[in-house]
Amino acid sequence: MPALPYWIPAVVIGCSCLYACWKGGTEERVAAVYFALAALAAPFLLDRRWAGTQWAMFAVDLGYLALMLVFAFRTARWWPLPAAAFQLLAVLTHVASLFDHQLRAWAYVTAGVIWTYLGLAAIVVGAHNRARERVVLA
């Protein structure tokens with residue numbers, strides 16, 4: 001089965017993070033910068049053998065979950081709640097790989113990608129709503 005060209009996810013992530021930094025508030029910008037840095041670091045952190053748990057990415061995902069939880073508890077904005085939920089699912093995917101050694105690399109990667117893009121979508125929607133609020137208030 002053919003895979004997507006490598007540049008498509010890079011363009012989606014880059015455009016999404018740039019949009020969040022451009023239109024979003026402080027929370028959206030911080031989340032987008034963390035997300036972009038994690039995406040840039042991922043090729044260097046991944047174990048290409050996919051023999052087990054991706055420990056470096058597990059640590060990055062835990063840090064991002066902590067950030068999303070802080071935003072969810074401290075802000076009146078709604079987008080950090082689904083972002084934190086999707087990030088929790090990403091962390092639980094890592095945990096599942098700890099306990100289920102039969103978890104195939106394809107399932108591990110696919111689950112991680114799905115939760116990652118849904119979390120990114122939450123950030124983009126949050127930035128879009130922040131921009132709409134600024135227009136209404138102006």
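1. V109 lies in helix α5. Helices here are DSSP runs of H or I with at least four residues, numbered from the N terminus, as strands are (E, at least two). V109 counts as partly exposed, at 30% relative accessibility. The cut-offs are under 20% relative accessible area for buried, over 50% for exposed, and partly exposed in between, with a 1.4 Å probe and protein chains only. The C-alpha atoms of V109 and T93 are separated by 9.2 Å, and the two residues are 16 residues apart along the chain.

2. A word on the source. This is a predicted model, in which local features need pLDDT of at least 70 and side-chain atom pairs count only at pLDDT 80 or more, while totals for chains, interfaces and linings use all residues. Residues are numbered from 1 along each chain as its sequence is written, and side-chain values use heavy atoms, with hydrogens and water left out.

3. Helix α1 covers residues 7–23. Its 17 residues should span 24 Å at 1.5 Å a residue, and its end C-alpha atoms are 24 Å apart, which agrees. The expected span is 1.5 Å times one less than the number of residues.

4. Which residues of α1 are buried? They are I13, S16, C17 and A20. Seen down the axis of α1, the buried residues fall within an arc of 95 degrees, so they line one face of the helix. The arc is taken from the directions from the helix axis to the C-beta atoms. An α-helix has 3.6 residues a turn, so residues three or four places apart point the same way. On the other side of α1, A10, L18 and W22 are exposed.

5. The structure holds 0 disulfides, a disulfide being a pair of cysteine sulfur atoms within 2.5 Å. For C15, the nearest cysteine sulfur is that of C17, 9.6 Å away. For C21, the nearest is again that of C17, at 6.7 Å. C15 is partly exposed, with a relative accessible area of 48%. C21 is partly exposed too, at 27%.

6. The largest nonpolar core has 17 residues. Such a core is a set of buried Ala, Val, Leu, Ile, Met, Phe, Trp, Tyr and Cys residues joined through side-chain atoms within 4.5 Å. A31, Y64, M68 and W79 have the most contacts inside this core. The elements giving two or more residues to this core are α1, α2 (26–45), α3 (55–74), α4 (80–99) and α5 (105–137).

7. Helix α3 has 20 residues and reaches 29 Å from its first C-alpha to its last, close to the 28 Å expected. Its buried residues include M57, F58, Y64, M68 and F71. Y64 is buried, with a relative accessible area of 4%. Leaving aside residues up to four places away in sequence, Y64 touches A31, Y34, F35, Q87 and I123, contact meaning heavy atoms within 4.5 Å.

8. How many aromatic pairs does a search of the whole structure find? The search finds 5. Rings of Phe, Tyr and Trp (its six-membered ring) pair if their centres lie within 6.5 Å; planes under 30 degrees apart count as stacked, over 60 as edge-to-face and the rest as tilted. The rings of F35 and Y64 have centres 6.1 Å apart and planes at 70 degrees, so this pair is edge-to-face. The pair links distant parts of the chain, with F35 in α2 and Y64 in α3, 29 residues apart. F35 counts as buried, at 8% relative accessibility. Y34, F35 and Y64 form one aromatic cluster.

9. F71 and W79 form an edge-to-face pair, 6.3 Å centre to centre, with 65 degrees between the planes. F71 is buried, with a relative accessible area of 12%. W79 counts as buried, at 0% relative accessibility.
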